[in-house]
Amino acid sequence: MRKFRRRIYPGPEAFLIDLRALLARRQALRAATRGEHLDRAFRERLMLVVTGVNGCRYCSYVHAREALAAGVPPAQIEALAAGAVEGSPAREAPALLYAQHWAETGGRPDSEARERILQRYGEQQVESIEAILRMIRIGNLLGNTVDYLLYRISFGRWGG
């Protein structure tokens, strides 16, 4: 049986940590989803970057479709899913790179990286960005965890 390679929740406590962190930022999440601090295309780019790191096939499909509807060009969607931010709007590139770093570190970015992003975007916008990142991380890891369970019970035939 080949190895399952996508990121999953190692246990319920890890999920609860993410859920508590998201609930603590629910006002920022509401603002972000209403477009107050992030426009729809920017929000979808952020989600595609995190999904590219975590590898959730469900979120990849949904957010590629949403990004297209928000006006993100198909070539840019493919690039973001592959981990490349080139071709994205220049004003968003630092946030997209931060999102990638944030996802790669499991939601624990270097304090220097966070400080740079705060200086660039300000507290309100960073709160919205991080709420979106946490939300998509939860979706990614839940989707991958379901796939991992399918993978295990089918001896690698499903969910991989």
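Author: Burial terms, then. Buried means under 20% relative accessible area, exposed means over 50%, and partly exposed lies in between (1.4 Å probe, protein chains only). The model is predicted: local features need pLDDT of at least 70, side-chain atom pairs count only at pLDDT 80 or more, and totals for chains, interfaces and linings use all residues. Residues are numbered from 1 along each chain as its sequence is written, and side-chain values use heavy atoms, with hydrogens and water left out.

Reader: Step back. How many helices and strands does the protein have?

Author: Eight helices and zero strands. The pattern along the sequence reads α-α-α-α-α-α-α-α. The protein is as compact as a globular protein of its length, because its radius of gyration is 16 Å, close to the 15 Å that the globule rule gives for 160 residues. That radius is taken over C-alpha atoms, and the rule is 2.2 Å times the number of residues to the power 0.38.

Reader: What does the C-alpha trace span?

Author: About 50 × 35 × 30 Å along the principal axes.

Reader: And what share of the residues is buried?

Author: Buried residues are 46% of the 160. The accessible surface is about 8,600 Å², and carbon and sulfur atoms hold 56% of that. Areas come from the Shrake-Rupley method with a 1.4 Å probe; for residues, only the protein chains shown count as cover.

Reader: Now the core. Which residues have the most contacts inside the largest nonpolar core?

Author: Leu38, Leu46, Ile129, Ile132 and Leu133, in a core of 39 residues. Helices H1 (12–24), H2 (26–33), H3 (40–54), H4 (57–69), H5 (74–81), H6 (93–104), H7 (111–121) and H8 (123–153) each give two or more residues to this core. H8 gives the most, with eight residues. A nonpolar core is a set of buried Ala, Val, Leu, Ile, Met, Phe, Trp, Tyr and Cys residues joined through side-chain atoms within 4.5 Å.

Reader: Which residues does leucine 46 touch?

Author: Leu38, Ala95, Leu96, Ala99, Ile129, Ile132 and Leu133, leaving out residues up to four places away in sequence. Contact means heavy atoms within 4.5 Å.

Reader: What about the general background on nonpolar side chains?

Author: In soluble globular proteins, nonpolar side chains tend to be buried together.

Reader: Which residues does arginine 137 touch?

Author: Tyr9, Asp18, Val50, Asn54, Trp102 and Gly106, not counting residues up to four places away in sequence. Arginine 137 lies in H8. At 12% relative accessible area, arginine 137 is buried.

Reader: Histidine 63: where is it found?

Author: In helix H4. Histidine 63 is buried, at 12%. Its contacts, not counting residues up to four places away in sequence, are Glu44, Met47, Leu48 and Ile136.

Reader: Last one. What is the phi of phenylalanine 155?

Author: Positive, about 55°, although phenylalanine 155 is not a glycine. Phenylalanine 155 is in the segment after H8. This residue is exposed, with a relative accessible area of 63%.

Methods. Helices (H or I, at least four residues) and strands (E, at least two) are DSSP runs, numbered from the N terminus.
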